[in-house]
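Me: Hi! Could you walk me through this structure, one piece at a time?

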Amino acid sequence: MSDAPSVTRRRAPAVLGRFDGWAAGALVVSGLVAAPLIAVIVLALTPSDDIWSHLLSTVLPLYASNTVFLMTGVGAGTLIIGTATAWLVTMCRFPGRRVFEWLLLLPMAIPAYVIAFLYTDLLEYAGPVQSALRHAAGWTTRRDYWFPDIRSLGGAIAMMTLVLYPYVYLLARAAFHEQSVCVLEVGRTLGRGPWRSFFTIALPLARPAIVVGVALAMMETLSDYGTVTFFEVPTFSAGIYDVWRNMSSVAGAAQLAVVLLVFALILVAAERWARRDRRFHHTTTKYRALPSYRLGGGRAGLAFLICALPVLLGFVLPVGVLIEHSLRAGADSFGWEYLGFAANSLLLSSVSAACAVAVGLLLAYGIRLGRSPLLKYAARIASLGYAVPGAVLAVGVLVPLAAFDNMVDGWMRQLVGVSTGLLLSGTLAAVTFGYVVRFLALAYGAIDASLAKVTPSMDGAARTLGQTPGGALARVHVPIIRGSVLVAAMLVFVDGMKELPMTLIMRPFNFETLATWVYVLGVTERLQDYSPGALVIVAAGVLPIIVMIRTTSRSRPGQGPGQGMTS
Amino acid sequence: MSGLRLTDVRHTYGVAPVLKNVSLDVAPGALVTLVGPSGCGKTTLLRIAAGLEPLQAGSVSIDGVAVSDATTGLHVPPERRNVGLMFQDYALFPHLTVRDNVLFGVPRGATDRRAWLESSMARMGLTPLAANYPHRLSGGEQQRVALLRAIAPGPKVLLLDEPFSGLDVTLRTHVREETLDLLKETGIATLMVTHDPEEAMFMADRILVMNNGAVIQAGSPVDIYFRPASAFVAAFFGPVNRLHGVVRAGRVETLVGTVAAPNFRDGAAVEVLLRPEGLKLTVVPNDAPAPDPRPHLRVAWARSLGRSSLVRLDIPGGRDPAFLQARVFGSFLPEAGTAVTVEVDDTRAFVFAAGAPGN
């Protein structure tokens, strides 16, 4: 029959339904991730002391108006800066364009609270700017001139816009890149000038991507705690912390959290709607060099200025100040204390990153294997965490854990007469869990998108060649998507390094991360003391940007490494 | 029964039935092709045999052992079925070299198997490419790697899903022969899916024709081509001229002569399918001495296709069809308007009841 020796494999019949261990695991994980959200809602609905009417008559209107104005302001600011700079660097040619393409991303690396501290130091009455003005103009007192107060709603909008516009820039630039050149050229041949084709063709085509970018920037705005408390512009995020810590009202905090959740869900809905809409825009596979409007003289100068200002104000100036103060502080500030906080940050962020990636992988692969609609909904809920502000999640994680601790404590005292105290709440495990819930969407999104590189027939090939689902994951999927898994881990790591409100609420007693330490010192305006810590956070934030630049420049259409790899 | 056996397999996606009671056998060493238009359920059948698609009704056995049974809920996962599957898109692992792709399913200890694979790679011209990654290979090379990878672990059953559809026409005939040689050498029970009837006839010991989720005819290539069970099969395996007629005393009178229709009662309305190569054309000389009893048809045009010529004949009087197509071996290029008589080759003429199911 044949001269081919055959490999005999043991055959053991097994029953394998569609709902296997992977699917079950994915469901359990998404249930765990959704638990804090459910907890917040249940808590808010639980009747309690009359805190709500008290809140309503005192701080609630202020929280609401601050939140709305802040979101609107940051939304408009990021929309204008992000879209304008994206258009300039993709469609026009002017000196420095190629460098600006990635420089414009850098402000993303700086947490809003850090930039708020720095500009307060620069722009307050005793700061260098006003001092210089007084000196130059011969003014002597505050009453001699008018200068805007940085610690205000307007200041908060400016600070957040400066570090959040890259979200819009990134997505708008990608959308402009994707646009078919032909569409734009048709616009030109039909007699529309560059400006009119921008407003009538390019902008409407990129609108879904821009909406996603603005929604992401607004989610970050909602979640901000450091800037608004420092500027004394309390929003819901700040209010939750205040009601929780200073009024010790769990129900009140939960009720505020639910209001905040409603804002977040509106943003999620807007983002999802825009993303769904976006699918219809991929009408062509033709990519050619984009048309470049060569700008000359004054126009080139203006374009340069428009791109340079955000980079200068959002990155170069703050980082320069941080470096200067770190150098001035010298070796003193890099003591044991500092190293301990840095180690805490590294540990918390890397453990969270590893967990989020593992969970994201389980979720994405479980859904891929199961193909059940139930799992898809579970994944959607599980990836809501990113939109949910840290303060809301903190309440949702801490309250159930505290209840659990009390229950165990009560049992143990009854049964053995030993108090177990706090088992989970106020532990690093709780903080890590909070991080994973909040940042899972980042890891899951990156992994899920890159799993598309593995075609379904590769799954089939691995299985018929003798691999179990787990074996196929280890030998085929993970090696193929390895790069994206690393990127996913890095994104979570960096957001973990920056994270403030959750850590402040949930951390164990006396536990400091770089972020909380920088915040505590920043509030008391000890610039020299927090500069080194802030610099480390910024440096960590620059890392994923560099990787992102490298991968996007490599994955431009037509330059991909493998024609057989894309599905 | 060893090899592959599927019994009464049914499958639905949502409410649409994809497979309706399909049963088939592939003996060891045999090559069976499943042929049919796209969307007729062929690929689903392969996936069910491989265990990649859960079985909804029926049963599957491999080498005499049940691997799927809808009544008992038995489902042996694909990795334990001893089945090789080659995908239409090849599904080569992009992160592995050619050699690692081929050896993916072979245990480390299987040294004689590995040696055989190395020699097969050498024979197929893959050894110089062994350290390359799949995206650097040509389509034909990728096809060879995918085939070798599928048979590498020594499966009892090999399933091929449109194995040649990704290749251009000239390469396809060559790769097809090479593949057939390799499969005959290994003696694996092979089930191949294709939508190309010529490919099916070339490769198969036995052909199953599928349409709308059911096997409508099974037989040898010669059976299927010369004794199609329905007008659909006849038309699927090659171009046909469709004429209509009524049976009188076991024969059908058509425009171009009578065709035998032994199994029809008198007065039955039938459809007559004539292969273009089954029409023999004779040019009627201008000065024909006696009136020819057969009807004359006029040439509309004639085209040379190299090995053969294609001739279109007008049918006058607004009838259906309005023309006939004839294929004549060699160069036969009468001018437009030339009168010809037509003779029908009975082995290439098929009669079916008009409006029969499956047409």
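Reply: In chain B, β8(B), helix α5 (residues 169–186) and β9(B) make a right-handed β-α-β unit. Right-handed means that, with the strands pointing away from the viewer, the path from the first strand over the helix to the second runs clockwise. Helices (H or I, at least four residues) and strands (E, at least two) are DSSP runs, numbered from the N terminus.

Me: Before we go on, what kind of model is this?

Reply: This is a predicted model: local features need pLDDT of at least 70, side-chain atom pairs count only at pLDDT 80 or more, and totals for chains, interfaces and linings use all residues. Residues are numbered from 1 along each chain as its sequence is written, chains are lettered from A and ligands numbered from 1 in the order in which they are written, and side-chain values use heavy atoms, with hydrogens and water left out.

Me: Is strand β9 of chain B buried or exposed?

Reply: Six of the six residues of β9(B) (residues 189–194) are buried, so the strand is largely enclosed by the rest of the structure. Buried means under 20% relative accessible area, exposed over 50%, and partly exposed in between (1.4 Å probe, protein chains only).

Me: Which residues are on each side of β9(B)?

Reply: Ala189(B), Leu191(B) and Val193(B) are on one side, with Thr190(B), Met192(B) and Thr194(B) on the other. In a regular strand the side chains alternate between the two faces of the sheet.

Me: And which strands are joined to β9(B) by bridges?

Reply: Five bridges join β3(B) (residues 31–35) to β9(B), running parallel. Five bridges also join β8(B) (residues 157–161) to β9(B), again parallel. Two strands pair if DSSP finds at least two bridges between them. Thr33(B) has Met192(B) as its bridge partner, and Asp161(B) stands opposite Val193(B).
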